[in-house]
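Please look over the sequence and the structure below before reading the briefing. The notes that follow are grouped by topic.

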Amino acid sequence: MLSWQRAHGRHALPWSGSRDPYRIWLSEVMLQQTQVATVKAYYARFLERFASVQDLAAAPLDEVLALWAGLGYYSRARNLHACAQAVAALGGFPRRAAELEQLPGIGRSTARAIAAFCFDERLSILDGNVKRVLARLLAFEQDLARAPAQRELWALADALVPAQASDMPAYTQGLMDLGATLCTPRQPRCGECPVQALCQAQAQGRQAELPLKSRRLVRGRRENWWLMLQREHDGAVWLQQRPDTGVWAGLWSLPLFESEAELLSQFPPQALEPLPRIDHALTHFDWVLHPRRLLWAAAPSPLPEGRWVAPDEWAAFGMPAPLKKML
Ligand code: SF4
């Protein structure tokens, strides 16, 4: 595994080989629910703007959210900021996974990744890719949607780490690389795999059925009407800040209506200009948004909550990706 990683692992990733906990942490948080190709550009922009965890801690939350827009799961950005402030107050990142795990937004696997990459701690990571690799390698047949099964797999994963602490970075990266490049969800390339001789799933021809996961996510569908109130003389739009929890937490967005009837009960139908419908896919549901534009010439505060945001201010406001695109 170690020699395979050194020869064939992904060494070109911007964070590969780093021992800097700030860089590892930033990449891990960004990669939690986002593809590598997307993360690369955001990672570079964040480092350019915030060279250190202290710089990130000192920045206003709105600036962090604005830079994060498009990566999704905005609670990650809020936690990122809160965590940076906690780390700055501590004077630096803790070195042990157990302490790292106490920080905002750092889960068990992320804590272990930082501890292994930066401080050689001998504990295994277990993210989605690694669960798949190990479930196949060990022909682990329990349902990973259940907590006891997860605990058991963690224990098995910890029993596999190398004896030499200094091998932890290459081993951890190797597990990640194997899951990302060879042991993929569909059609794993077992012929090139460094652990194929040990792999139970390969021996039994059961790669396709492992890992087992019985509780599949049921996707829902939601439909809303979105009001783009735009001031006639300068193009400013009326934005409201989303609640701290839920979809687009903390971002600035357009007023949302549950139904067309609700929107029409407050604004004159003939003045509402329909804009192209937006289909936005989130993890748990598909969201259909019907934007309606209303040019506003009159009073300064047309709705109880929110504020006018002029075009030259848009970049500084954290907004959901579909709104940014529409504007
Ligand atoms: S042999 Fe195939 S199934 Fe087993 S770990 Fe390697 S790539 Fe995955």
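Helices (H or I, at least four residues) and strands (E, at least two) are DSSP runs, numbered from the N terminus. This is a predicted model, in which local features need pLDDT of at least 70 and side-chain atom pairs count only at pLDDT 80 or more, while totals for chains, interfaces and linings use all residues. Residues are numbered from 1 along each chain as its sequence is written, and side-chain values use heavy atoms, with hydrogens and water left out.

**A loop residue**

- G191 belongs to the loop between α11 (168-182) and α12 (200-204).
- Because its relative accessibility is 67%, G191 counts as exposed (exposed means over 50% relative accessible area, buried under 20% and partly exposed in between, with a 1.4 Å probe and protein chains only).
- From C-alpha to C-alpha, G191 and A145 are 29 Å apart in space, and they are 46 residues apart in sequence.

**The ligand and its shell**

- Surrounding the ligand are R136, C183, C190, C193, V195, Q196, C199, Q202 and Q207, where a residue is near a molecule if one of its heavy atoms lies within 4 Å of it.
- This shell divides into 5 nonpolar, 3 polar and 1 charged residues, with Ala, Val, Leu, Ile, Met, Phe, Trp, Tyr, Cys and Pro counted as nonpolar, Asp, Glu, Lys and Arg as charged, and the others, Gly among them, as polar.

**Aromatic pairs**

- The structure holds 11 aromatic pairs, a pair being rings of Phe, Tyr and Trp (its six-membered ring) whose centres lie within 6.5 Å, with planes under 30 degrees apart counted as stacked, over 60 as edge-to-face and the rest as tilted.
- The ring centres of W15 and Y43 are 5.1 Å apart and the planes stand at 75 degrees, so this pair is edge-to-face.
- Because W15 lies in the loop between α1 (2-8) and α2 (21-31) and Y43 in helix α3 (residues 36-49), the pair ties together parts that are 28 residues apart in sequence, and both W15 and Y43 are buried.
- F257 and F267 also form an edge-to-face pair, at 6.4 Å centre to centre and with 90 degrees between the planes.
- F257 lies in strand β4 (residues 256-257) and F267 in the loop between α13 (260-264) and β5 (273-274), so this pair ties together parts that are 10 residues apart in sequence; F257 and F267 are both buried.
- A cluster linked by ring pairs is made up of W226, W248, F285 and W287.

**Charges over rings**

- The charged end of R222 sits over the ring of W287, 5.7 Å from its centre, given that CZ of Arg or NZ of Lys must be within 6 Å of the ring centre and within 35 degrees of the ring normal.
- R108 lies over the face of W154, at 4.4 Å from the ring centre.
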